[in-house]
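Please open the model in your viewer and keep the selection tool at hand. This tour moves from one selection to the next and says what is found at each stop.

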Amino acid sequence: MPNQQTQSPSINTNHTAYKKASFLERFVAFLIDLIIVLVLYYILSALLESLHIQIPFMNYIFASLYGTIFVWIKGATPGKMLLKLKVVSSKYEPVGF
């Protein structure tokens, strides 16, 4: 009988390259993102107000899209990128939908 070797599914085991961020690093990244979101929100809000456009719950929609789109496309929000943090799955792979 020939020697058959089974290959296990490919799992990214390069987790030694990753280090979990501390609470302080995550908090600073959050504060940076909060400042960015607030500035962009007020600019967008002023622009829409000048055009007499009202969008209910715009602040929640804007903040949700900001985080979701950046993590989906770049793997991190600008605040995380500045601190060289990245969002990964439990298998140390990029997150997605």
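Two rings of Phe, Tyr or Trp (for Trp, its six-membered ring) count as a pair if their centres lie within 6.5 Å, and the pair is called stacked if the planes are under 30 degrees apart, edge-to-face if they are over 60 degrees apart, and tilted for the rest. With that in mind, select Phe23, Phe27 and Phe30, which ring pairs link into a cluster.

Before you go further, note that this is a predicted model, in which local features need a pLDDT of at least 70 and side-chain atom pairs count only at pLDDT 80 or more, while totals for chains, interfaces and linings use all residues. Residues are numbered from 1 along each chain as its sequence is written, and side-chain values use heavy atoms, with hydrogens and water left out.

Now show the whole protein chain as a cartoon. You will find three helices and zero strands, where helices are DSSP runs of H or I with at least four residues, strands are runs of E with at least two, and both are numbered from the N terminus.

Next, select helix H1, residues 23-50. H1 has 28 residues and reaches 40 Å from its first C-alpha to its last, close to the 40 Å expected at 1.5 Å a residue, the expected span being 1.5 Å times one less than the number of residues. Colour Ala29, Asp33, Val37, Tyr41, Ser45 and Leu48, which are buried in H1; the buried residues of this helix pack against H2 and H3, with contact meaning heavy atoms within 4.5 Å. Just after H1, pick histidine 52, which takes a positive phi of about 60°.

Move on to helix H2, residues 58-74. H2 has 17 residues and reaches 23 Å from first C-alpha to last, close to the expected 24 Å. Its buried residues are Met58, Phe62, Tyr66 and Val71, and the buried residues of H2 pack against helix H1 and helix H3 (78-82). After H2 comes glycine 75, whose phi is positive, near 85°.

Which aromatic pairs can be viewed around here? The structure holds five aromatic pairs. Among them, phenylalanine 57 and tyrosine 60 form a tilted pair, 6.5 Å centre to centre with 40° between the planes, and both of these residues are exposed. The rings of tyrosine 66 and phenylalanine 70 have their centres 5.2 Å apart and their planes at 65°, so this pair is edge-to-face. Both lie in H2, four residues apart, about one turn of the helix. Tyrosine 66 counts as buried because its relative accessibility is 9%, whereas phenylalanine 70, with a relative accessible area of 29%, is partly exposed.

Finally, show the surface and select Leu47, Leu51, Ile53, Ile55, Phe57, Tyr60, Ile61, Leu65, Ile69, Trp72, Ile73 and Phe97, which make a nonpolar surface patch of about 1,300 Å². The largest share of this patch, six residues, comes from H2. Leucine 65 lies in that helix and, at 45% relative accessibility, counts as partly exposed. Patches are made of residues with over 30% relative accessible area and no salt bridge, with like charges joined within 9 Å and nonpolar side chains (Val, Leu, Ile, Met, Phe, Trp, Tyr) within 5 Å; a salt bridge is a side-chain nitrogen of Lys or Arg within 4 Å of a carboxyl oxygen of Asp or Glu. Accessible areas come from the Shrake-Rupley method with a 1.4 Å probe, and for residues only the protein chains shown count as cover.

Methods: Buried < 20%, exposed > 50% of the residue type's maximum accessible area, 1.4 Å probe, protein only.
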